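Please open the model in a viewer and keep the selection panel at hand.

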Amino acid sequence: MKFFVDTAEVDAIAELNALGMVDGVTTNPSLIAKSGRDILEVTKEICDMVEGPVSAEVTATDADKMIEEGRKLAKIAVNIAVKVPLTWDGLKACKVLSGEGNMVNVTLCFSANQALLAAKAGATFISPFIGRLDDINLDGLELIADIREIYDNYGFDTQILAASIRSANHMSECAKIGADVATAPPAVIKAMANHILTDKGLAAFLADIEKANIKIV
Ligand code: E4P
């Protein structure tokens, strides 16, 4: 499973990128607003830092304007994936932009039917939002599994980009289901390293190191 980082904070991307943990980056208008940066400027900086796809989201809601914005975003760098919302207009924009050879990430997906439409419209990525479904007592991971089954049934090559990930558990569950990509905030990716028994075991080793005065260098 590929790891995308869900942030527009360049320092956090750089830290994870140095460890080989970044296969791509996703941003959205809320993350751009949080960064306090100009969208075109920060997106270019991120594209220069990472080799993989960098999703940049359109701001328009009508297809023609989304296409115009998408073309402008795609000019930033070769690794831009234009992000459009899963609306009827977004699907129209997806069809045109993907037909022109651009990567397109269809976002705000909350149902298997929406994912089916995005694949038919030529999406490179479909972004089902796990956490926001869990927030309303629906099962976000079940949606990932349903889309996996449907895409595999028909050989769609649209990649499942599990989004709205809130916990390290979401990451391993997505990997078990077979999501192609999971995008997560930097803190969630780092939290994947944590285990209480690792902490306990290390504390015991450190106590013995001190007791026996073990030295290597
Ligand atoms: C990424 O592409 C999505 O925009 C993001 O994962 C949404 O996450 P949130 O539901 O935590 O805002």
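The structure holds 4 aromatic pairs (rings of Phe, Tyr and Trp, the latter by its six-membered ring, with centres within 6.5 Å; planes under 30 degrees apart are stacked, over 60 edge-to-face, the rest tilted). The model is predicted, so local features require pLDDT of at least 70 and side-chain atom pairs 80 or more, while totals for chains, interfaces and linings use all residues. Residues are numbered from 1 along each chain as its sequence is written, and side-chain values use heavy atoms, without hydrogens and water.

Select Phe 110 and Phe 129: this edge-to-face pair has 5.5 Å between centres and 65 degrees between planes. Phe 129 is buried at 7% relative accessible area, whereas Phe 110 is partly exposed at 32% (buried is under 20%, exposed over 50%, partly exposed in between, with a 1.4 Å probe and protein chains only).

Next, select Tyr 151 and Phe 156, an edge-to-face pair with centres 5.7 Å apart and planes at 65 degrees. Tyr 151 is buried at 0%; Phe 156 is partly exposed at 22%.

Now turn to the ligand. The residues around it include Phe 129, Asp 6, Lys 83 and Thr 183 (a heavy atom within 4 Å). Display the distances from ligand oxygen atoms to polar side-chain atoms: 2.8 Å for Asn 28, 2.7 Å for Arg 132 and 3.1 Å for Arg 166.

Methods: A polar contact is a pair of N or O atoms within 3.5 Å; within protein, one must be able to donate a hydrogen and the other to accept it, and residues adjacent in sequence count only if both atoms are side-chain atoms.
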